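Hello,

I am handing this structure over to you. Please look at it first; my notes follow below.

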Amino acid sequence: MGSKAGKALEGQKLKDYVISFCKEHGADLVGFAPVERWDEAGEVPPDFRPRALWPSARTVIVIGIEMPLPIVETTPSVLHKELYRTANRKLDILAYDLTRHLNRMGFASFFFGRDVYANLKALREKTMAAFSHVMAAKYAGLGTIGVSHCLLTPEFGPRVRFVSVFTSVVIPPDPLVEKDLCIKCELCALCCPKKALTMKKDRVIGDYDKMACLEMAEELTRRGCYPCGICTKVCPIGMDRLLYRRKGLRKKYLRETEALAANSEDPDYKSWSHIRKYGIPETDKDSDHKKKGS
Ligand code: SF4
Ligand code: SF4
């Protein structure tokens, strides 16, 4: 197994080749992390580090794809759910293709799939995943973690999803992003419907109540329009806001719940509420409202 042509590529040339492969197959972001970064940082428990999961790993290649802002803004909606599922599927296929491509080139590789859990019950029993793509993306120099516990990237803020490919070959790493991208604007915490995020004065990453967030995911799963993602919707970070001309929306995001409770046809939110109205059985919407009100 392995090709001479593949083995002839090394260092920056191999890195450029992998980046081209990922971009041609639909990646928006690609970053490279040496496995030693997990040990040096000491933030991730030893059993959750790449070499514990696959001892041959030397480099983790992290691939990101954008979640387009206007679709994320409709959350919770079936449209957003479909985007989420498509992004996950696309990432898994991309990681699978890159893994097999690297194997054919003679570089043994392995990938850790996008969402590796059976159901939300499993998350209630064990809230951690076997591997964190968010930490991998941070160590691959793609961004920094914000109050919301999401990875914020310069390109898309938190509106990006990641997958990770481990490979046995050493590839030049990307530098870590040194300056925090989170500006501690508090919008994620203020808009969270479960108050699952709490700002901390002494650090950027806020306290995160995983069970409260999971409760929201369970409610939305029953309605068929998970995930929540309101904290990713409102975050002001990301060049995608310039592309879509969606800057300065703090007030709009903050008053959304109240405005729609007063008038479900509020013209400021009409496009989102229209999309949310369709694709979900009325009975499910009703039963959920009753549960919330009880
Ligand atoms: S996903 Fe929703 S419930 Fe969870 S922290 Fe973000 S805003 Fe809160
Ligand atoms: S919404 Fe504001 S506080 Fe929350 S992660 Fe984004 S920049 Fe940080």
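Helices (H or I, at least four residues) and strands (E, at least two) are DSSP runs, numbered from the N terminus. The model is predicted, so local features need pLDDT of at least 70 and side-chain atom pairs count only at pLDDT 80 or more, while totals for chains, interfaces and linings use all residues. Residues are numbered from 1 along each chain as its sequence is written, and side-chain values use heavy atoms, without hydrogens and water.

Ligand 1

α10 (210-223) and α11 (230-234) each supply at least two residues of the shell around ligand 1. The surrounding residues are Cys192, Pro193, Cys213, Met216, Cys228, Gly229, Ile230 and Cys231, where near means a heavy atom within 4 Å.

Strand β2

Seven of the eight residues of β2 (residues 59-66) are buried, so the strand is largely enclosed by the rest of the structure; buried means under 20% relative accessible area (1.4 Å probe, protein chains only). Strands pair if DSSP finds at least two bridges between them. Phe162 in β6 is the bridge partner of Gly64.

Lysines over Trp272

A charge sits over a ring if NZ of Lys or CZ of Arg is within 6 Å of the ring centre and within 35 degrees of the ring normal. The charged end of Lys233 sits over the ring of Trp272, 4.1 Å from its centre. Lys252 also lies over the face of Trp272, at 4.7 Å from the ring centre.

Regards

Key
Chains are lettered from A and ligands numbered from 1 in the order in which they are written. Buried means under 20% relative accessible area, exposed over 50%, partly exposed in between (1.4 Å probe, protein chains only).
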